[in-house]
Amino acid sequence: DVYNGLVTESSFADKHFFKGKGAGAFPTAAAVLSDISALQYNYRYEYKKLGLSNTAPSSPDYFLKVYVSADDIANIDLEKFEWIDEWHNEHNNAWVSGGISAGSLQENRWWQVEGVSLILNESPVMEDISYKAVQKESLRLAGVLEHY
């Protein structure tokens, strides 16, 4: 009857508490000791899931469906989005849902500043977005995006 608990907090999801069955004091201590020993002998754990076919492409030439929230819309770089599905902006609460290139996320770190939260949607990887180009041009013409 041993339980573990974890509290997380983010600007998008506020505070959450997770609990679940734990292993207990002795099994946990044994696992920690094992990890420390592994480090001493340069042992590398095997992660079998890394070889599965559902991994992200290795090239940055793909797009991700994301949800970005921030306390100020100015902290969300709308120019980096290839398309925007939905967006909302009010005092201390802004969010954008849309697509952005993986390469853009790797090159630009605007999404790592305090007050910004970026979350990948379920099944986020999209390789062909040619049909989304019309949406981006429409947003530019509507004045949502100042520069193309």
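Residues are numbered from 1 along each chain as its sequence is written, and side-chain values use heavy atoms, with hydrogens and water left out. Because the model is predicted, local features need pLDDT of at least 70 and side-chain atom pairs count only at pLDDT 80 or more, while totals for chains, interfaces and linings use all residues.

Helices (H or I, at least four residues) and strands (E, at least two) are DSSP runs, numbered from the N terminus. Helix α1 covers residues 25-40, 16 residues in all. From its first C-alpha to its last, α1 reaches 23 Å, close to the 22 Å expected at 1.5 Å a residue; the expected span is 1.5 Å times one less than the number of residues. Just after α1, asparagine 42 takes a positive phi of about 55°.

The sheet comes next. Four strands form an open sheet in the order β4-β5-β3-β6, with antiparallel pairing; two strands pair if DSSP finds at least two bridges between them. β4 (81-90) and β6 (116-126) stand at the edges with a single partner strand each, so one side of each has no neighbour in the sheet. From one strand to the next, the twist averages 15°, where axes are lines fitted to C-alpha atoms and angles run from 0 to 180 degrees between N-to-C directions.

Strand β3 (residues 63-70) pairs with β5 (residues 93-101) in the antiparallel sense over 8 bridges. Within this pairing, lysine 65 stands opposite glycine 99, and tyrosine 67 has serine 97 as its bridge partner. β3 also runs antiparallel to β6, joined to it by 7 bridges; here phenylalanine 63 is partnered with methionine 126. Of the 8 residues in β3, 7 are buried, that is, under 20% relative accessible area with a 1.4 Å probe and protein chains only (exposed is over 50%, partly exposed in between).

Serine 117 is placed in strand β6. It counts as buried because its relative accessibility is 12%. Leaving aside neighbours within four places in sequence, serine 117 is in contact with Ser11, Phe12, Tyr67, Val68 and Ser69, contact meaning heavy atoms within 4.5 Å.

A nonpolar core is a set of buried Ala, Val, Leu, Ile, Met, Phe, Trp, Tyr and Cys residues joined through side-chain atoms within 4.5 Å. The largest one has 17 residues, of which Leu64, Val66, Val68, Ile76, Phe81, Val96 and Trp110 touch the most other members. Two or more residues each come from β3, β4, β5 and α2 (102-107), and β3 gives the largest share, 4 residues.

The structure holds 2 aromatic pairs. Rings of Phe, Tyr and Trp (its six-membered ring) pair if their centres lie within 6.5 Å; planes under 30 degrees apart count as stacked, over 60 as edge-to-face and the rest as tilted. Tyrosine 67 and tryptophan 95 are stacked, at 5.6 Å centre to centre and 25° between the planes. Tyrosine 67 lies in β3 and tryptophan 95 in β5, so this pair ties together parts 28 residues apart in sequence. Phenylalanine 81 and tryptophan 110 form a tilted pair, at 6.4 Å and 45°. Phenylalanine 81 is in β4 and tryptophan 110 in the loop between α2 and β6, 29 residues apart; both are buried.
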